[in-house]
Amino acid sequence: AERLSGDTVTNPAPRFVGETIRAMTFHQDRLWFAYNDRVMGSVSGDYYNFFLDNWQSVGDSDYIEIGTSGNQVTHVRHLVSFNSALVLFCTGKTQYEVRASNDGQLTPSSVSIIPTTQYSVTPDAEPTGLGDRLYFMSQEAPIKVYEYYYSFDAYSNMAVDIGLHCQGYFPSGPVEIRTSDSHNVVLSLFDSDRTKLYAYYV
């Protein structure tokens with residue numbers, strides 16, 4: 001989209017220009033990009049527009065940009081729209097959620113980022129959802145498959161190792177993880193043996 005208000009100083013081009021885009025997804029009628037330790041969502045309903053509508057004031061539909069927080073540098077590797085939040089899977093064994101502070105629609109004034117869990121995540125296999133759960137694989141050996149969900153008992157999101165009872169069962173080199181809603185199954189593929197799929201029935 002073209003800049004319709006202001007100039008390169010008051011309404012600059014999006015900061016991901018010239019950077020490596022690590023992930024992208026749609027969430028709450030916005031197109032989101034992840035680069036370095038930041039995520040940026042488009043103007044609401046205008047997926048290729050990352051400029052302010054009016055450089056003199058920021059409206060609820062304008063683009064959103066926010067960075068991760070913490071004591072160490074974390075780069076975003078995966079973006080997943082999950083329930084009412086945008087989940088960020090980052091380097092440094094950290095997961096974040098981007099959500100509205102009032103639990104409503106994300107806007108430039110309501111956006112917040114919250115660290116949720118701390119697990120190793122492979123950069124190769126994109127996390128995937130099944131119902132009200134997310135599934136992702138670790139990077140470090142022994143390889144683990146995690147189930148990420150909201151715990152009503154703990155009042156927070158958490159992740160559990162679904163293969164805890166068979167540690168060391170999964171081979172090395174996680175490549176892909178997929179789910180099937182119709183079969184309620186999680187399928188994992190590994191580089192060390194691409195002739196096999198590992199299935200977990202929910």
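This is a predicted model: local features need pLDDT of at least 70, side-chain atom pairs count only at pLDDT 80 or more; totals for chains, interfaces and linings use all residues.
How many bridges join strand 11 to strand 12, and in which sense do the two strands run?

1. **Strands 11 and 12.** Strand 11, residues 145–151, is joined to strand 12 by six bridges, and the two run antiparallel. Within this pairing, Tyr148 stands opposite Ala159 of strand 12.

2. **The two faces of strand 12.** Strand 12 spans residues 156–161 and has one covered and one uncovered face. Asn157, Ala159 and Asp161 form the covered face, whereas Ser156, Met158 and Val160 form the uncovered one. Ala159, the residue opposite Tyr148, therefore belongs to the covered set, since buried means under 20% relative accessible area.

3. **Gly163 beyond strand 12.** The loop between strand 12 and strand 13 (174–180) contains Gly163. This glycine has a relative accessible area of 5%, so it is buried under the 20% cut-off. Its C-alpha atom is separated by 6.4 Å from that of Val145, a residue 18 positions away along the chain.

4. **Overall composition and dimensions.** The protein chain has 15 strands and zero helices. Its radius of gyration is 18 Å, close to the 17 Å that the globule rule gives for 202 residues, so the chain is as compact as a globular protein of that length. Along the principal axes, the C-alpha atoms fill a box of roughly 60 × 40 × 40 Å.

5. Of the 202 residues in the protein chain, 45% are buried. Among contacts with a separation of 6 or more, 44% involve residues 24 or more positions apart. The accessible surface amounts to about 10,800 Å², and carbon and sulfur atoms contribute 48% of that area.

6. The protein chain carries 13 positive and 23 negative side chains. The centres of these two sets lie 6 Å apart.

7. Strand 5, residues 76–82, is mostly covered, with five of its seven residues buried. Six bridges pair strand 5 with strand 6 (residues 85–90) in the antiparallel sense. Leu79 stands opposite Leu88 of strand 6. Two residues lie between the strands of this hairpin, where Asn83 takes a positive phi near 55°.

8. Strand 14 (residues 185–190) and strand 15 (residues 193–201) run antiparallel and are joined by five bridges. The bridge partner of Phe190 in strand 15 is Asp193.

9. Leaving aside residues up to four places away in sequence, Phe190 touches Met137, Ile143, Phe170, Pro171, Ser172, Gly173, Pro174, Val175 and Tyr198. Pro127 is 63 residues from Phe190 in sequence, and their C-alpha atoms are 14 Å apart in space.

How values were computed. Residues are numbered from 1 along each chain as its sequence is written. Side-chain values use heavy atoms; hydrogens and water are left out. Buried means under 20% relative accessible area, exposed over 50%, partly exposed in between (1.4 Å probe, protein chains only). Helices (H or I, at least four residues) and strands (E, at least two) are DSSP runs, numbered from the N terminus. Two strands pair if DSSP finds at least two bridges between them. The radius of gyration is taken over C-alpha atoms; the globule rule is 2.2 Å times the number of residues to the power 0.38. Contact means heavy atoms within 4.5 Å. Accessible areas come from the Shrake-Rupley method with a 1.4 Å probe; for residues, only the protein chains shown count as cover. Lys and Arg count as positive and Asp and Glu as negative; His and the chain ends are not counted. The place of a charge is taken as NZ of Lys, CZ of Arg, CG of Asp or CD of Glu.
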